[in-house]
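Here is a short report on one protein model. Look at the sequence and the structure first, then read on.

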Amino acid sequence: MSSSATGGHRLNGRVAIVGASLAGLRAAEALRHKGFRGKLTLIGDESYEPYDRPPLSKQVLTGYALAGQTALPRLRPLDAEWRLGAAAVGLDPTRQRVHLADGHEVGFDRLLIATGVRARPWANQAEAALDGVCVLRTRDHAARLRQYLAAKPQRVLIIGAGFIGCEIASACRELGLPVTVVDRGGAPLENALGGAIGAWAATLQRQHGVDLRCGVTVTELAGDGSGRLRRAHLSDGTVLDIDVAVAALGSIRNTEWLHDSGLAADSAWGVTCDTHCRVFDLNGVVTEHIFAAGDVARFPHPRYDFEFLAVEHWSNAVTQAEVAAHNIICAPSRRRPHLAVPTFWSAQFGTNIKSVGVARFADEVVITQGSVDEHRFIAAYGRRGRLVAAVTVNQGMWLEFFERLIADSAPFPPPAPGFDQPAGVRPIPAGFRNPGVPPHEPGAIGYAPSERRAVFAPPGKYRNEFREIPPRRCQVNTQ
């Protein structure tokens with residue numbers, strides 16, 4: 001690649017990447033591949049080099065792989081400085097410095113924010129500290145939960161029936177462990193795939209021996225005198241004897257270190273950026289030297305009415321990181337947008353679930369092929385007569401077909417690609433609940449007349465001076 005195509009000066013200098021996981025690693029590799037010769041620094045709060053997270057809820061829990069065997073493959077040499085085990089705690093965009101927890105600073109000319117998300121913990125801190133209460137996001141989390149499961153607990157309680165919770169339940173049943181799944185919604189995967197397909201997921205779980213309880217919440221986790229988890233109290237009055245409880249309650253975006261930076265970043269909706277991956281400041285002005293990618297990024301997608309999406313998918317982390325790396329070093333006139341249609345996959349209860357697009361954007365769904373009862377089908381999702389997503393169950397070979405249709409803004413319902421089309425099936429409501437209020441109050445973004453600029457404020461601050469503007473959110477919260 002010629003220096004004129006990339007902007008020759010951009011092939012040198014200093015690039016810092018905060019977040020040493022999938023997006024950070026792939027962005028670093030893309031930078032070197034595209035000719036960046038300058039200083040490259042990767043900063044991560046964990047002491048481990050980048051590892052793959054999907055196996056943690058699958059192969060690691062069932063014992064097919066150890067948590068320490070999940071390292072991501074290196075695609076090319078990086079010649080990078082690794083600052084692992086020292087989290088970023090602050091950012092000074094003016095001085096172009098990242099402040100680390102160990103007291104050091106890392107200077108940069110261009111910065112990529114790829115800090116991802118963390119698991120949302122059980123809200124009661126005393127109960128969360130009981131021996132046997134877990135979350136699952138990191139390598140250490142997986143190793144700890146694997147130890148609990150290997151000890152053959154009398155019953156495992158999973159709080160939350162999203163993809164992570166369902167995959168953990170599947171692993172428990174594969175190990176022959178009794179498991180109860182509790183979710184406040186009407187069906188498993190309802191938040192990701194809608195109530196219509198969620199009803200199928202509920203049947204699948206019960207057929208595999210899961211004690212599934214929907215429309216119910218956990219009111220208390222109780223321990224014995226030694227601090228060991230023993231019981232769970234449910235909102236319907238039920239008391240369960242349990243040894244292990246996993247809080248699978250979604251995620252929190254790692255943005256606290258940015259609160260004094262002047263960037264548009266909050267743990268409820270992530271780091272806001274444009275399709276070039278350039279981060280907005282609080283005034284809605286795009287920065288030219290700070291970029292974002294991966295689970296922490298929130299960006300407008302033209303195929304979804306420019307709705308700001310926060311996509312927690314493995315494939316999105318890779319494609320967005322590659323776009324960000326390209327735009328970091330190329331000339332402004334040669335930047336390209338991140339327009340990839342999100343894809344995702346999950347393996348649970350002997351089924352392979354793959355999706356493309358943003359199902360939560362849909363208002364209707366139709367089974368275009370196969371049989372729901374036989375757990376082999378394709379569900380197409382539409383919004384206002386346009387195809388926006390598709391989910392395949394043990395029919396993954398058709399995913400690329402639907403990806404092309406979505407990219408071409410195909411009409412809904414779409415043509416069925418195979419011969420086994422169910423007779424007389426018509427679109428029905430997709431069954432998504434109103435996302436409602438975020439589970440924790442986001443900070444306020446307001447305008448102070450005396451300052452003539454927008455300011456980020458924690459909840460409760462400047463209530464009289466600032467007019468709070470709630471962010472519009474379309475969050476894809478699956479992996």
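## A hairpin, a helix and a buried alanine

Strands β24 and β25 make a hairpin, and two residues sit between them. In that turn, F349 has a positive phi of about 50°. Keep in mind that this is a predicted model. The two strands run antiparallel and pair over six bridges. Within this pairing, A347 stands opposite N352 in β25.

| Element | Residues |
|---|---|
| Strand β24 | residues 343-348 |
| Strand β25 | residues 351-357 |
| Helix α6 | residues 163-174 |
| Helix α9 | residues 314-329 |

Now turn to α6. How far apart are its end C-alpha atoms? They are 16 Å apart. That agrees with expectation, because 12 residues at 1.5 Å a residue should span 16 Å. The helix α6 is mostly covered, with nine of its 12 residues buried. Among them are F163, G165, C166 and E167. I168, A169, S170, A171 and C172 are buried too. After α6 comes G176, and its phi is positive, near 80°.

Is A321 buried or exposed? Its relative accessibility is 0%, so A321 counts as buried. Which residues does A321 contact, leaving aside neighbours within four places in sequence? They are A23, R26, A27, A293 and N316. G294 is 27 residues away from A321 along the chain, yet their C-alpha atoms are separated by 6.6 Å.

Definitions and conventions:
Residues numbered from 1 in each chain as written. Predicted model: local features only at pLDDT ≥ 70, side-chain atom pairs only at ≥ 80, totals over all residues. Heavy atoms only, no water. Helix = DSSP H or I, 4+ residues; strand = E, 2+ residues; numbered from the N terminus. Buried < 20%, exposed > 50% of the residue type's maximum accessible area, 1.4 Å probe, protein only. Contact = heavy atoms within 4.5 Å. Expected span 1.5 Å × (residues − 1). Pairing = 2+ DSSP bridges.
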